Amino acid sequence: MPGKVGMLRCLPDLAGRLAAAGQMSDDSKLEQKAAGLDDLTPSEKSQINSLNKRYKDKFGFPFVICARENKKDAILKGLAQRLNNEKDQEIHTGVAEVKKICWLRLTRIVSQRSSL
């Protein structure tokens with residue numbers, strides 16, 4: 001599982017430092033915006049930052065969820081709930097979420113190109 005964990009470690013925190021600095025990929029920006037993560041209240045921002053830190057401290061990689069399939073309330077709830085999981089379960093879940101993200105991005109690219 002070292003390769004999987006290494007891949008998960010490369011991902012940015014949801015609504016984290018890179019998002020605040022505008023340094024995420026265009027896809028990530030659009031996905032997080034669609035989920036409402038660009039419009040967090042100060043309380044929600046504090047909550048997600050705290051949960052992200054706890055998650056990363058526990059598992060050694062950032063929380064991953066397909067933002068395109070979720071809204072901010074579901075993301076906050078999922079982050080809090082998944083803190084109760086074991087590391088192996090979170091590695092499996094994180095990789096599954098990355099696969100969803102990749103599939104949705106590839107599907108979008110292919111559909112854009114086929115319409116040209």
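Predicted model: local features only at pLDDT ≥ 70, side-chain atom pairs only at ≥ 80, totals over all residues.
Two packed helices are described by the angle between their axes and the distance between the axes. Helix 1 spans residues 2-9, and helix 6 spans residues 87-114. Their axes come within 10 Å and cross at roughly 60°. Angles of 65 to 115 degrees count as roughly perpendicular and those under 35 as roughly parallel. Helix 1 and helix 6 are therefore oblique to each other. Their crossing is left-handed. Helix 1 makes the contact through Lys4, Val5, Met7 and Leu8. Helix 6 answers with Ile91, Gly94, Val95 and Val98. By class, the residues of this contact are six nonpolar, one polar and one charged.

The other packing joins helix 4 and helix 5. Helix 4 covers residues 42-59, and helix 5 covers residues 72-82. The two pack at an angle of about 35°, and their axes lie 10 Å apart. Here too, helix 4 passes helix 5 in a left-handed crossing. On the helix 4 side, the contact residues are Glu44, Gln47, Ile48, Leu51, Asn52, Tyr55 and Phe59. They meet Lys72, Asp73, Leu76, Leu79, Ala80 and Arg82 of helix 5. This contact divides into seven nonpolar, two polar and four charged residues.

The largest pocket has a volume of about 310 Å³. It is lined by 19 residues. Leu11, Pro12, Ser28, Ile101 and Arg105 are the closest of these to the pocket centre. Helix 6 gives the most, with four residues. The lining comprises 13 nonpolar, four polar and two charged residues.

The second largest pocket has a volume of about 210 Å³. Its lining holds 14 residues. Closest to the centre are Ala19, Met24, Gln32, Leu37 and Asp38. Helix 2 (17-20) and helix 3 each supply at least two residues of this lining. The lining of the second largest pocket divides into seven nonpolar, three polar and four charged residues.

Conventions: Residues numbered from 1 in each chain as written. Heavy atoms only, no water. Axes fitted to C-alpha atoms, helices over the stretch in contact; angles between N-to-C directions. Parallel < 35°, antiparallel > 145°, perpendicular 65-115°, else oblique. Left-handed = near helix turned anticlockwise from the far one by under 90°. Contact = heavy atoms within 4.5 Å. Nonpolar A, V, L, I, M, F, W, Y, C, P; charged D, E, K, R; others polar. 1 Å grid on protein atoms, 1.4 Å probe; cavity = no way out; pocket = protein on both sides within 12 Å on 5 of 7 lines; lining within 4 Å. Points joined across faces, edges and corners; volume = space filled by probe spheres on them.
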